[in-house]
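Please consult the sequence and the structure shown below while reading.

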Amino acid sequence: MWNTLFTWISSSSLAYIYGSDESSQEEYLLVNGREYLHKIVLSDGRSSEIKQTLASSLSRALPALVAELRLPVPISTLEQGVACLLDTMSFVDPLPAFRTRQWQVVALLFVDSLSVCRIPSLTSYLTDRRALFHKVLHGTQLGMEEYEVLKDLMVPLGCAPQFSSQSRA
């Protein structure tokens, strides 16, 4: 899962997660010693097909995630945020054959990332509900430590926007 997320996330993704616009992506090419490449789009249309398939997988995972965590945000709001985040990512390899629970973990990572700046009403809610994450992680062979490693890949500057904007390096 880590390798998959690593290939998807671009400097544009980080700019989006941290509330910046596309023009700020240069500031996110190197974060905490990790290189985030520019967004890659294959010219033969494969990137678009991969993105559409991924969006479909995530939209199937979101209702169960919202129910398990009792998220106070409409699924349509989450889907819109996820769609915008997907627009910032690179898709060059076929999607992995994740099981339903693994797609829910990916959806949780996306929701957690969106809570930084794009859907801030989720920030305190997700922080207070960390104990419920075990429901989502159950059956995935991931524990909270592994989840935090994956989250660090997507949110390398932490979840506080004011902290993150001062910490790029």
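A residue is called buried under 20% relative accessible area, exposed over 50%, and partly exposed in between. Arg-34, with a relative accessible area of 24%, is therefore partly exposed. The model discussed here is predicted.

**Salt bridges**

- The count of salt bridges comes to six.
- One of them joins the side chains of Asp-152 and Arg-34, at 3.8 Å from N to O. This pair links distant parts of the chain, since Asp-152 belongs to helix α8 and Arg-34 to strand β2 (residues 34–35), 118 residues apart. Asp-152 is partly exposed, at a relative accessible area of 34%.
- Lys-151 forms a salt bridge with Asp-112, and the closest N and O atoms are 3.7 Å apart. Here too distant parts of the chain are linked: Lys-151 is in helix α8 and Asp-112 in helix α5 (residues 100–114), 39 residues apart. Both residues are buried, Lys-151 with a relative accessible area of 8% and Asp-112 with one of 2%.
- Glu-148 and Arg-130 meet through their side chains in a salt bridge of 3.6 Å, N to O. Because Glu-148 lies in helix α8 and Arg-130 in the loop between α6 (121–128) and α7, the pair ties together parts 18 residues apart in sequence. Glu-148 is partly exposed, at 32% relative accessible area, and Arg-130 is partly exposed at 21%.

**Aromatic pairs**

- There are five aromatic pairs by count.
- Among them, Trp-2 and Phe-6 are stacked, with 5.2 Å from centre to centre and 10 degrees between the planes. Both residues lie in helix α1, four residues apart, which is about one turn of the helix. Trp-2 is partly exposed at 33% relative accessibility, and Phe-6 is partly exposed at 34%.
- The rings of Phe-98 and Trp-103 have centres 5.0 Å apart and planes at 70 degrees, so this pair is edge-to-face. Phe-98 is buried, with a relative accessible area of 15%, and Trp-103 is buried, with one of 9%.

**Surface features**

- Trp-2, Phe-6 and Val-149 make a nonpolar surface patch of about 260 Å². Phe-6 has its place in helix α1 (residues 2–8).
- His-138 lies in the loop between α7 (133–137) and α8 (144–154). With a relative accessible area of 59%, His-138 is exposed. The C-alpha atoms of His-138 and Gln-102 are separated by 9.6 Å, and these residues are 36 apart along the chain.

Terms used
Residues are numbered from 1 along each chain as its sequence is written. This is a predicted model: local features need pLDDT of at least 70, side-chain atom pairs count only at pLDDT 80 or more; totals for chains, interfaces and linings use all residues. Side-chain values use heavy atoms; hydrogens and water are left out. Helices (H or I, at least four residues) and strands (E, at least two) are DSSP runs, numbered from the N terminus. Buried means under 20% relative accessible area, exposed over 50%, partly exposed in between (1.4 Å probe, protein chains only). Patches are made of residues with over 30% relative accessible area and no salt bridge: like charges are joined within 9 Å, nonpolar side chains (Val, Leu, Ile, Met, Phe, Trp, Tyr) within 5 Å. Accessible areas come from the Shrake-Rupley method with a 1.4 Å probe; for residues, only the protein chains shown count as cover. A salt bridge is a side-chain nitrogen of Lys or Arg within 4 Å of a carboxyl oxygen of Asp or Glu. Rings of Phe, Tyr and Trp (its six-membered ring) pair if their centres lie within 6.5 Å; planes under 30 degrees apart count as stacked, over 60 as edge-to-face and the rest as tilted.
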